[in-house]
Amino acid sequence: MPLSDLAPAVQYNWYATLTRDVVCYDSPEQLQGKDHIDEAYREGLRYKLQPCPSNTALPSADFLNLCIKLYFVRFNPVFPIVHAPSFRPSSENAILLLSVCSVGALFMGSATAAAQGRKIFQTLNKANLSSWDTYIRRDAREWRSLVQASIIGQTFGMLSGQPDNVCMTESFHGTVIAWARQGGFFKIKSVPLPSTDESDMSKEDIWRRWVDAEESVRLVLALYVHDSEFATTFHHEPLLRHTLEKLPVCNSDELFFAPSAVDWYNLVEKERAMNSETAQVHTVNSMAVPSFISTRKAQMFAYASLAGIVASIQERRSSFLDESSKQQFRHILLSWHNEHYRYLQKPKKNHINLLIFWHAAFMSLYTDFDLLERSIGRDGRQAAQEAREDVNRWAISMEARRSVLHALLLLKQLEMLPIGLEPAIHVPKAVFYSGMVVYSYIKFKPLIDSYAPSHDEVDIPELQVSGSTGTMNMNSDKASTTIFSPVEPSILCNAIDLLRRIGHWEISRKFASILQILLDDLTNA
């Protein structure tokens with residue numbers, strides 16, 4: 001397929017670019033002599049200020065109850081910011097409940113239910129923007145519910161596959177951060193565990209007080225994840241500063257998902273026993289912050305810290321990402337793996353698919369995805385032509401081959417996930433970028449023969465760590481040349497098939513449609 005045909009097709013199907021409406025403006029001749037406002041102009045202003053009409057009728061109570069159940073069963077494990085055991089419909093969390101329902105509707109599997117979810121999402125976004133000042137004047141729980149609802153709505157929008165929703169959520173991202181700052185949530189750096197001899201409050205009250213603080217920490221971690229996603233989607237600097245010292249520390253997932261105050265209190269006692277055993281090795285400060293081991297078992301903390309590395313790579317790439325910086329980021333990514341891998345290797349502990357994200361982080365280090373997107377036609381024919389020389393240079397580099405290896409291992413990781421596990425929010429884009437790396441390497445490399453990695457290319461630290469291939473708990477889970485098939489267009493078929501089958505997010509289908517265009521280009525279909 002020639003560039004003149006490929007670029008318009010990709011640009012038309014792009015998931016994060018708004019189409020421009022054709023608007024007829026007054027000509028200079030028509031404006032001649034109009035130096036004041038007349039009644040007709042005033043009437044036009046009044047019309048522009050009127051809110052767009054919307055149908056605010058909600059589905060039945062049975063529908064909403066099912067949505068809530070599906071949200072906590074399917075989505076909350078991969079984005080745990082709402083405490084399911086203590087969640088109850090109330091006047092103070094009404095906005096949050098509707099946001100939960102909008103996402104839960106997607107898991108019903110019907111077009112009608114998905115349409116209801118989109119309708120709730122669109123109505124709720126307008127309501128949040130028009131009434132946020134009402135909520136922030138009330139108590140902290142309503143303020144937190146507003147921010148939680150906005151974060152869930154942001155997630156819905158960025159995964160909707162609709163360019164207007166994707167761009168709207170990116171524009172709204174800074175507002176949600178500001179609300180969280182104004183609510184004081186960024187000031188909470190950790191959530192101390194209570195002492196077991198507190199007798200002035202019941203276990204239930206202590207538990208609920210802890211839940212309020214833990215949710216506050218987790219919503220901040222979610223904002224760091226979103227910040228990384230938006231920065232890499234739109235290829236700009238993140239709004240937040242992504243350093244490990246900035247991240248608040250959440251508690252373990254076992255504590256957060258404990259079904260009752262009694263179960264939670266039993267786990268607290270176990271955590272404290274573990275703290276005392278490790279106190280001689282790891283310093284525990286007087287504030288009784290979550291232990292070193294407890295933090296490593298918290299997927300949300302591991303998620304935000306890895307997202308921070310990706311965001312930092314993007315920030316450095318926006319200025320100048322030199323070889324010294326790349327070496328530093330490689331070391332940081334390997335340190336992250338060493339810190340968190342053993343707690344994430346079991347399928348039941350791997351809800352957020354962090355090893356997929358880890359391979360995607362290495363791809364972002366070795367590949368300028370803004371360049372690849374421009375080269376396939378995101379911004380049209382001229383931009384694609386201008387990017388050709390740089391992408392040709394990338395295709396013959398060692399970094400391109402390393403990106404391809406990580407893309408292949410990423411797809412292998414995804415293939416091994418249980419079919420009933422809902423993919424995390426970063427997975428669709430990671431699969432899409434894997435397909436785009438493979439396409440660009442095949443398309444722009446000068447050699448015609450298919451590429452198969454050599455032993456030296458595979459024998460690098462990041463491919464020799466435990467679990468890098470996804471074959472966990474076997475005799476060997478480190479990469480070797482035997483596990484890599486030749487790099488051929490069939491890999492794009494695999495990526496397209498995975499995107500069409502994973503999850504309930506429309507963005508997956510949108511990514512699959514773009515990769516299908518690239519596959520047709522390679523096969524001259």
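**Notebook: salt bridges**

I looked up Asp 212 and found it in a salt bridge with Arg 144, the closest N and O atoms being 2.9 Å apart. The pair links distant parts of the chain: Asp 212 is in helix 9 (residues 203–234) and Arg 144 is in helix 7 (residues 140–158), 68 residues apart. This is a predicted model: local features need pLDDT of at least 70, side-chain atom pairs count only at pLDDT 80 or more, and totals for chains, interfaces and linings use all residues. Residues are numbered from 1 along each chain as its sequence is written, and side-chain values use heavy atoms, with hydrogens and water left out.

I noted my terms. A salt bridge is a side-chain nitrogen of Lys or Arg within 4 Å of a carboxyl oxygen of Asp or Glu. Helices are DSSP runs (H or I, at least four residues), numbered from the N terminus. Buried means under 20% relative accessible area, exposed over 50%, partly exposed in between (1.4 Å probe, protein chains only).

Next I checked accessibility. Arg 144 is buried at 6%. Asp 212 is partly exposed at 29%.

Then I turned to helix 17 (residues 381–395). Glu 389 forms a salt bridge with Arg 393, with the closest N and O atoms 3.2 Å apart. The two residues sit 4 apart in the helix, so about one helical turn separates them. Glu 389 is exposed at 57%. Arg 393 is partly exposed at 46%.

Last, I looked up Glu 373. Its side chain meets that of Arg 378 in a salt bridge (2.7 Å, N to O). Both residues are buried.
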